[in-house]
Amino acid sequence: MANYKPLIPTLVIYTILIAIGALVPGMWQPVMFVLFYVAIGQALNIFLGFTGYVNFGYVALLGVGAYGMGVALKYYTYLGVGAIVLGVILAVFFALLLSLAVGGVALRLRGAYFAIATIGVNEGLKHLIEGARIWGGSHGIILSGTLRKAFGSEFANYLSTFVADVFLIAIVVISGIVTIYILNNRIGYALLALREDEDAAKVMGINVTKYKLIAFIISSVIAALIGASAWTLKMTYVFPSDVFAIGYTVEAIVIVMLGGAGTLLGPLIGGIIYGVLKYYLSVILPGLQLLILAPLLIVIVVLFPEGIIGYVKKKLRYTSVFEYVM
Amino acid sequence: MIAEQLAANLLYGAILGGVYGLATMGLSLIFGVLRIVNVGHGAFIMIGAFTAYWMFILYSIAPVVSIPIALVIGLALGFVIFYSVIKRLVDAPELSTLLATFAIGLLIEEAAKVAWGSDYVGYSWDIGSLSLPFTTIPLTKILAFVSSVVIAAVVYLWFQKTKLGAAVRAVVEDRDGAMVCGINVNRIFALSFSLGIGLTVLSGVLVTLFVPVGINVYMGGEYTLKAFVIAVLGGLASPWGAFYAGFIFGLLENGSYTLLGLIPGVEPFGLTRFVSFAMLLIILLIKPSGLLGGE
């Protein structure tokens, strides 16, 4: 039975967050910081949460998205605003290419093989770009000058401060809607079945490879769009060592597992908690974030595998608010 | 000129391949017995490399003597990790074990960074070299090769000739059947996990015998990727397959390094890493059960 009620709390939380950012002075940047983490959690959740497969090369998808936008803005600047549209197209195209290459090969196999295949994606791509000196190699793509020359400094500023943020907000909202759509759709049912027991799902006639690939591609495209907006448009540079940094993969995994894998509200709650904590902790503990995240992830996996929303859902069963939590 | 260079590189590749093979055996052993992929594999190689480095720098202990020291450190680490984390996850979904081993690897790396910093370090232990018509090989590299072959042979004999080794093979074959026969499967899990980690830490010492520089807390990532390529090549669950596959990988890697170096305008070193990744995808596409038969 289709249940779209959980969309209400989700949209309410989005609205509250954006309202805080817009109305409280000085809160816009912190809210965008948190929304970035919500976004990478939501995108990863569509794959990791729904299939139970781990993509250790997750950040590479944000990376290729960042490169898609970067290449368009750097080398096709003469298209004017059209370059941004081209950037979105390229980001999506790169994500499709990468997810089809990796997913098409490794998703035919079981989880362990897929995880093994993804662990090299990140480093492999980084070294390809650096080693073959593609798109500036290890020097990356620096856009601030190019953008100022092409669009004037006022519009270039507007692009990186306003357009990039609105773009990210749109991605967050859309990926939330996509998540609940999948949960209520035959794709979601098929994914649920294969996550619980892949062999049984196969015997029931579900084309498991197809549904895994669908989830992987959706997750990858959203991730690439996050990279294109929150990184390239906002920061106006793309460095291979930044956009292929494994830390973001770990953060996204922690957000999904903390909030509750495979749920709608999980990555949202996880992302808010993580984003707020990081915003305040990174001032106190610079450089120690992975040292804190790693044991946290171990503790969640061993003691608390269902995450916050999974736990809350169990507690709220048989109450009237249950159908609003998903 | 190129032919000589290629011959030298292939010889180095074969020698390095032996080290790679041993560095992957632990991964395959753990997967074969516990069905757990140790995603944090490289971090343990890093611990071994630092063991050799600190023993040499602080106490002037020859790196060869560090081999048993590293094994003991690895066994202890393996026991602690097994009883604190892995034991609770043996029957958990694959997702849990993948995330847990990944996080353990990160934790080890980050803790090492706090303790030792993130600088690249190295040592120089010169014991002469062997002259061949087309190249000279430092004896340390030959020592690394010989050690890894000897250690692999000892592990093989232990598996084949001792009662405990037979018990481990029984668990690999059929977990429930082994339990019915009175084998304490949990103890075998603990033993295999520790032995797997022990072999991996030990191989870190051999890695530094081959290349005594570039020791860094993040050096493991590269070896994790290589070990995965090798393990898949060898059939993932078979330590012996892994050992042979190590040779193939060493030859392919060093051969491609020479050939990539011929292309103007590229950095062959970075590209060999992309080659390993591409190779992994190709093997998974063509024959995921391993080129050497495997399971």
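The legends below describe close-up views of a predicted model. Local features are given only where pLDDT is at least 70 and side-chain atom pairs only at pLDDT 80 or more, while totals for chains, interfaces and linings use all residues. Residues are numbered from 1 along each chain as its sequence is written, and chains are lettered from A, with ligands numbered from 1, in the order in which they are written.

**View 1. Chain A as a whole.** Chain A holds 15 helices and two strands; these are DSSP runs numbered from the N terminus, with helices being H or I of at least four residues and strands E of at least two. Its radius of gyration is 20 Å, close to the 20 Å that the globule rule gives for 326 residues, so chain A is as compact as a globular protein of that length. The radius is taken over C-alpha atoms, and the rule is 2.2 Å times the number of residues to the power 0.38. Along the principal axes, the C-alpha atoms of chain A fill a box of roughly 60 × 45 × 40 Å.

**View 2. A:Leu268 in helix 13.** A:Leu268 lies in helix 13 (residues 265-284) of chain A. The residue counts as buried because 29 C-beta neighbours lie inside 10 Å; the cut-offs are 20 or more other C-beta atoms within 10 Å for buried, 12 or fewer for exposed, and in between for partly exposed, with C-beta atoms placed from the backbone. Leaving aside neighbours within four places in sequence, A:Leu268 is in contact (C-beta atoms within 7 Å) with A:Thr10, A:Ile13, A:Val38, A:Gln42 and A:Gly259. A:Val173 is 95 residues from A:Leu268 in sequence and 11 Å away in space, C-alpha to C-alpha.

**View 3. A:Ala224 in the largest nonpolar core.** This core has 206 residues, and A:Ala224 is among those with the most contacts inside it, as are A:Leu168, A:Ile226, A:Leu297 and B:Leu99. A nonpolar core is a set of buried Ala, Val, Leu, Ile, Met, Phe, Trp, Tyr and Cys residues joined through C-beta atoms within 7 Å. Not counting residues up to four places away in sequence, A:Ala224 touches residues including A:Leu61, A:Gly65, A:Ala91 and A:Phe94.

View 4. Most residues other than glycine have a negative phi. Phi of A:Trp135 is near 45°, and this residue sits in the loop between helix 6 (121-131) and strand 1 (141-142) of chain A. A:Trp135 is partly exposed, with 16 other C-beta atoms within 10 Å. Phi of A:Tyr318 is near 70°, in the segment after helix 15 (307-316) of chain A. A:Tyr318 counts as exposed, with 5 C-beta neighbours inside 10 Å.

Definitions and conventions. Contact = placed C-beta atoms within 7 Å.
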